[in-house]
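Dear colleague,

A summary of the findings follows it.

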Amino acid sequence: MLAKARPTEPHYELAFLAVRPSSTGAGYGTAMLAHHRSRLDHVGLPSWTSTTTASDLYSRHGYAPRPPIILPDGPTLHPMRRNPEADGDRREGIAAHASRRA
């Protein structure tokens with residue numbers, strides 16, 4: 001089921017992104033995704049991830065939701081895809097968001 005939903009062209013799969021629960025809201029997830037995004041944009045590679053919950057964090061970093069995958073006797077997965085952007089297109093928006101959270 002997952003293989004059918006994934007892109008067929010070369011892409012980066014963001015398998016895990018985790019922040020210690022006591023550090024949630026401190027900007028660590030934003031910092032990791034901003035770094036990840038800049039590297040992928042530099043080489044022009046799309047990115048793909050699947051989460052068990054719809055995430056605003058990924059959306060703020062350019063990931064767009066894809067149709068959910070309902071696993072038999074398992075969780076619903078929420079795949080998200082991000083296409084590369086010209087270097088720097090979103091930096092100001094992410095930096096502004098991070099400074100509002102600080």
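A residue is called buried under 20% relative accessible area and exposed over 50%, with partly exposed in between. Glu-9, at 31% relative accessibility, therefore counts as partly exposed. Please note that the model is predicted.

Glu-9 also takes part in a salt bridge, its side chain meeting that of Arg-81 at 2.6 Å, N to O. Arg-81 belongs to strand E5 (residues 76-82), while Glu-9 sits in the loop between helix H1 (2-5) and strand E1 (12-13), so the pair ties together parts that are 72 residues apart in sequence.

A search of the whole structure finds three salt bridges. Another of them joins the side chains of Asp-41 and Arg-82 at 2.9 Å, N to O. This pair links distant parts of the chain, with Asp-41 in helix H2 (residues 28-43) and Arg-82 in strand E5, 41 residues apart. Both Asp-41 and Arg-82 are buried. A salt bridge is also formed by the side chains of Arg-60 and Asp-56, at 2.7 Å, N to O. These two residues, Arg-60 and Asp-56, are four residues apart in helix H3 (residues 56-60) and are thus separated by about one helical turn.

Strand E5 deserves a description of its own. Five of its seven residues are buried, so E5 is largely enclosed by the rest of the structure. Its pairings are as follows:

- Strand E2 (residues 47-51) runs antiparallel to E5 and is joined to it by five bridges; Ser-47 stands opposite Arg-82.
- Strand E3 (residues 64-65) pairs with E5 in the antiparallel sense over two bridges, and Pro-65 has Met-80 as its bridge partner.
- Strand E4 (residues 69-70) pairs with E5 in the antiparallel sense, again over two bridges, with Ile-69 opposite Leu-77.

E4 and E5 form a hairpin with five residues between them, and Asp-73 in the turn has a positive phi of about 55 degrees.

Beyond its neighbours within four places in sequence, Tyr-63 is in contact with several residues, including His-36, Trp-48, Thr-49 and Arg-81. The structure holds one aromatic pair. The ring centres of Tyr-58 and Tyr-63 lie 5.5 Å apart with their planes at 80 degrees, so the pair is edge-to-face. Both Tyr-58 and Tyr-63 are buried.

With kind regards

Terms used
Residues numbered from 1 in each chain as written. Predicted model: local features only at pLDDT ≥ 70, side-chain atom pairs only at ≥ 80, totals over all residues. Heavy atoms only, no water. Salt bridge = Lys/Arg side-chain N within 4 Å of Asp/Glu carboxyl O. Buried < 20%, exposed > 50% of the residue type's maximum accessible area, 1.4 Å probe, protein only. Contact = heavy atoms within 4.5 Å. Phe/Tyr/Trp six-rings, centres within 6.5 Å; stacked < 30°, edge-to-face > 60°. Pairing = 2+ DSSP bridges.
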